[in-house]
Amino acid sequence: MKKYLFSLMMMAMGSALVTSCLSDDDSDKKDPQKVTYTSGVFVINNGSWGQNNGSLSYFDYESLQTQQLLQGAGGLGDTPNDAYVKGDTIFVAGAGENTIFVVNRKDFSIIKTISTTETMGEAEGYWPNHITGYGSNIYFTTYGGYVGILDAKTLNMSQLKYQVGSAPAGLTVGGDEADPILFVANSDYGYGNASISKIHLNNGIVDDPITDEQIQNPQEIVAYGNTLYILDWGHYTEDYSQQLDAGLYCYYNGTVTKLIEDATGLGVGLVYLNGSVVVGYNLVTFNAPYGSTSEPTYTMFNTYTGTKSNLVLSGDQGYEIFSPAAIAVDPLRGHIIIASRQKDEYGYASYTLPGYANMYTTQGEYIKNSHFETGIEPHMVGFALTTTVTNQ
């Protein structure tokens, strides 16, 4: 998660919202105007490890219908891991296929497949992991320890690539328009040499990496200017049977502060002032550490007010979230989408059955008609934004 907020903030400022079957509120009649609204939500599904059954699920807000798309061979193949939406195009990081898939958002056809190992090198392009965009470029991390660059207009891979730290995961663009900075979370697989790379996109200068003993295994990162919010997966017991010390951290001016004690998933929403000006983020987390038998918990942190609150899910009887696998916040509506694994016949989370997703208000109330099925092992939730002219 995560990953596209810098450009989205500009789009969201002053945008009007439209309602759909998911909302019971009526809108006042208005003069014709250009509006941006969320038309649907999609989920990138890893599939079962090594089974070549990754996929994309799309839930349409208006029709309330779900499509299961791009499944397996001829689709997204093995372990698609992340996606970034730019206009009518979805860029998917296909980790297991060492491929960037370029997908038409309107009909979900694959426009182009780009081999990262062929264009970047066998080692350098291995396992494209997380993806984001800024300007006309798409940026993605690889487990080869690099950030690759794809031109979103020509769909050609740049010869330029940035070497970063070990096992880079999430990445985000921060700084400002005069000096946009690409921040990269280098996880080092949780082995103890984690860092945050800092790349100035205007001139290509790479600063010394950010390190701190509290940052052990950073997986997702989001920037607000030069303030970073980092989801860290902590570490594991010696036998790898249990995950410990995962949490959400803030980095600012050399200081790291733990904002949420227990967190293994992160969704990022926008905080508006007077309904139009973006002034911060609403960070929504779940905590479901590997090996734990405790019920998942949910916490929100408002970066503008500095307040933290618990989120208790309600009204989802028959659709309860069993094993949260991904979480996201609709950038315009503020609704929270949580994707979950199913419970198998033995009472454990299934990694071989299709998952499902629910939508909730910021108060944790289930939104009627928002339950939909996903593919196997839902991993990332994103949104389709549409701009049009309306007479309402």
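**Notebook: ring pairs, core and salt bridges**

I began with the aromatic rings and found that Trp49, Tyr126 and Trp127 are linked into a cluster by ring pairs. I counted rings of Phe, Tyr and Trp (its six-membered ring) as a pair if their centres lie within 6.5 Å, calling planes under 30 degrees apart stacked, over 60 edge-to-face and the rest tilted. By this rule there are eleven aromatic pairs. Tyr58 and Phe108 are both buried. I took buried as under 20% relative accessible area, exposed as over 50% and partly exposed as in between (1.4 Å probe, protein chains only).

Notes on the source. This is a predicted model, in which local features need pLDDT of at least 70 and side-chain atom pairs count only at pLDDT 80 or more, while totals for chains, interfaces and linings use all residues. Residues are numbered from 1 along each chain as its sequence is written, and side-chain values use heavy atoms, with hydrogens and water left out.

Next I looked up Tyr143 and Tyr189. Their rings form an edge-to-face aromatic pair, at 5.2 Å centre to centre and 65° between the planes. Tyr143 sits in the loop between strand E9 (137-142) and strand E10 (146-151), and Tyr189 in the loop between strand E13 (180-186) and strand E14 (195-200); the two are 46 residues apart. I took helices (H or I, at least four residues) and strands (E, at least two) as DSSP runs, numbered from the N terminus. Tyr143 has a relative accessible area of 23% and is partly exposed; Tyr189 is partly exposed at 41%.

Entry on the core. I used sets of buried Ala, Val, Leu, Ile, Met, Phe, Trp, Tyr and Cys residues joined through side-chain atoms within 4.5 Å as nonpolar cores. The largest has 16 residues, and Phe42, Ile44, Leu56, Ile90 and Val92 have the most contacts inside it. Two or more residues of this core come from each of strand E1 (33-45), E2, strand E4 (80-86), strand E5 (89-94), E6 and strand E30 (378-390). I then listed contacts, meaning heavy atoms within 4.5 Å. Apart from neighbours within four places in sequence, the contacts of Ile90 include Phe42, Leu56, Phe101, Arg105 and Phe108.

I also checked Asn81, which is in strand E4. Asn81 is buried at 7% relative accessible area. Its side chain makes a polar contact with the side chain of Asn129 at 2.6 Å. For a polar contact I required a pair of N or O atoms within 3.5 Å; within protein, one must be able to donate a hydrogen and the other to accept it, and residues adjacent in sequence count only if both atoms are side-chain atoms. Not counting residues up to four places away in sequence, Asn81 touches Ile44, Asn129, His130 and His379, among others.

Entry on charges. I set a salt bridge as a side-chain nitrogen of Lys or Arg within 4 Å of a carboxyl oxygen of Asp or Glu. The whole structure has five salt bridges. Asp88 and Arg105 form one of them, at 3.2 Å from N to O. Asp88 lies in the loop between E4 and E5 and Arg105 in the loop between E6 and E7, 17 residues apart. Asp88 is partly exposed at 36% relative accessibility, whereas Arg105 is buried at 12%. Lys198 and Asp207 also form a salt bridge, with their closest N and O atoms 3.9 Å apart. In a further salt bridge, the side chains of Arg341 and Glu377 meet at 2.8 Å, N to O. Arg341 is in strand E27 (residues 336-341) and Glu377 in the loop between strand E29 (372-376) and E30, so this pair ties together parts that are 36 residues apart in sequence. Both Arg341 and Glu377 are buried. I noted that salt bridges with shared partners join Asp88, Arg105 and Lys106 into one network.

Last, confidence. The average pLDDT (the predictor's confidence in each residue, from 0 to 100) is 92 for the protein, and 92% of the residues score at least 70. Residues 6-20 have pLDDT below 50, and this stretch has 41 contacts in the model beyond near neighbours in sequence. Where pLDDT is low, the predicted coordinates should not be read in detail.
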